[in-house]
Amino acid sequence: MSTPSIRHDWSIDEVREIMNQPFNDLIFKAQSIHRENFDPNEVQISTLCNIKTGGCAEDCSYCSQSSRYDTGLEKEHMMAVEEVVEQAKAAKAAGASRFCMGAAWRNPNKRDFAKVVDMIKAVKDLDMEVCTTLGMLTPEQAQELSTAGLDYYNHNLDTSEAYYPKVITTRTFQDRLDTLESVRSAGMHVCSGGIIGMGEQQQDRAELLRTFANLEQHPDSVPINLLVPIEGTPLAEMRGKTDELDFVRVIATARILMPKSFVRLSAGRNEMVESTQALCFLAGANSIFYGDKLLTTENPEANKDKALFEKLGIRPLQK
Ligand code: SAM
Ligand code: DTB
Ligand code: SF4
């Protein structure tokens with residue numbers, strides 16, 4: 001079977017049909033496409049580091065770091081460059097090929113931005129790939145990050161355009177698309193995905209994937225997060241409400257629509273049994289976050305992931 005050419009003109013009916021076909025057909029198709037484009041036993045691993053925790057002005061109703069909700073999270077100062085470098089060295093020693101720095105900002109201010117540029121240069125010196133997620137960027141800021149050597153910028157659309165205002169009111173879907181455009185124009189790799197389990201329908205999930213798949217260039221990396229319900233946020237009540245097989249369907253559909261993109265099995269793995277994770281890999285997920293912590297919540301312990309990789313015969317992708 002040959003790889004279908006990369007398409008950017010998916011209709012919503014086509015995407016829904018792919019997502020809703022019988023599960024076995026869907027997984028078989030996704031795995032077939034996956035094998036034509038990637039080594040099926042290789043998974044890229046990135047480690048996250050929250051360089052600025054809490055106190056964020058945005059009202060994202062899933063987030064532990066929004067200042068609008070009482071989630072019990074202590075607001076912290078931005079980390080020092082040296083501290084970040086120590087963490088990056090530890091991540092590299094543990095086998096991560098990419099280091100992702102996140103900040104709880106709507107957008108970076110001038111002084112903090114200069115410090116992030118120093119961090120990027122310092123981590124690049126360790127010969128690791130570097131990613132940041134800092135909120136909205138101007139085209140000029142995107143250019144500066146690119147010049148500093150940043151490889152990837154993460155900026156999620158999170159959900160469909162229609163469902164977006166039910167989750168976030170302090171910025172628009174279009175604002176997010178504008179930042180993605182600035183990142184792409186500055187020549188960096190785009191990492192953009194979403195969250196499953198915020199009360200959205202399969203239709204919203206199909207619309208979200210369609211938005212990515214119909215961009216002029218597919219995101220290089222598509223993180224699919226299962227909501228980590230945070231006490232104190234409006235979405236805390238969504239705990240346990242998502243069918244994990246529907247989540248696997250989203251992963252498989254992303255793989256089919258964007259055959260050459262990395263699909264990241266992101267937040268939510270700590271609450272997932274190993275067999276669901278294995279199904280996600282079978283459906284075409286080929287990257288994960290590795291290390292005991294995501295940004296503010298738990299990730300499976302590194303040892304547990306090592307054991308899972310061994311059981312499944314999966315190797316970490318070398319840079
Ligand atoms: N403040 C920046 C922004 O929003 O773009 C960067 C950091 S923000 C925490 C990065 C992403 O993490 C969000 O876009 C969202 O997709 C994801 N995220 C945050 N809280 C989450 C949660 N409780 N469950 C799943 N994903 C979450
Ligand atoms: C992404 O899509 N997921 C990561 C990363 N990009 C920045 C963040 C997940 C955060 C999960 C909740 C937390 O730890 O606060
Ligand atoms: Fe702020 Fe990002 Fe959390 Fe939204 S997701 S509240 S922008 S840290």
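Predicted model: local features only at pLDDT ≥ 70, side-chain atom pairs only at ≥ 80, totals over all residues.

Mentor: First, a term. On a 1 Å grid over the protein atoms alone, a pocket is an open set of points with protein on both sides within 12 Å along at least five of seven lines, while a cavity is a set of points where a 1.4 Å probe fits but cannot get out; lining residues have an atom within 4 Å of a point. Grid points are joined across faces, edges and corners, and a volume is the space filled by probe spheres set on the points.

Trainee: OK. What volume does the largest pocket have?

Mentor: About 380 Å³.

Trainee: Which residues lie nearest its centre?

Mentor: L48, C49, N50, Q87 and K293 do, out of 20 residues that line the largest pocket. The lining divides into eleven nonpolar, six polar and three charged residues. Here Ala, Val, Leu, Ile, Met, Phe, Trp, Tyr, Cys and Pro count as nonpolar, Asp, Glu, Lys and Arg as charged, and the others, Gly among them, as polar.

Trainee: Which element gives the largest share of that lining?

Mentor: β1, with four residues. Both β1 (42–52) and α3 (81–93) supply at least two residues of the lining of the largest pocket. These labels are DSSP runs numbered from the N terminus: helices are H or I with at least four residues, strands are E with at least two.

Trainee: And the second largest pocket, how much space lies in it?

Mentor: About 220 Å³. Its lining is L177, L180, E181, R184, V190, L215, E216 and Q217. Helix α7 (residues 173–185) gives the largest share, four residues. By type, the lining of the second largest pocket has four nonpolar, one polar and three charged residues.

Trainee: Switching to cavities. How many are there of 30 Å³ or more?

Mentor: The count comes to one. About 910 Å³ of space lies in the largest cavity. It is lined by 47 residues, with Y62, C63, Q65, N156 and L295 nearest its centre.

Trainee: Where does ligand 3 sit?

Mentor: In the largest cavity. A molecule sits in a cavity or pocket if more than half of its atoms lie within 2 Å of its grid points.

Trainee: Which residues are around ligand 3?

Mentor: C56, E58, C60, Y62, C63, S66, A104, W105 and R171. The cut-off: a residue is near a molecule if one of its heavy atoms lies within 4 Å of it. That shell divides into six nonpolar, one polar and two charged residues.

Trainee: Now single residues. Is Q141 buried or exposed?

Mentor: Q141 counts as buried because its relative accessibility is 14%. Buried means under 20% relative accessible area, exposed over 50%, partly exposed in between, with a 1.4 Å probe and protein chains only. Q141 is in helix α5 (residues 139–148). Beyond neighbours within four places in sequence, Q141 is in contact with P108, F113 and M136. Contact means heavy atoms within 4.5 Å.

Trainee: What about K115, where is it found?

Mentor: In helix α4 (residues 110–124). K115 has 29% relative accessibility, so it counts as partly exposed. Leaving aside neighbours within four places in sequence, K115 is in contact with M78, M79, A80 and V81.

Methods: Residues numbered from 1 in each chain as written. Chains lettered and ligands numbered in written order. Heavy atoms only, no water.
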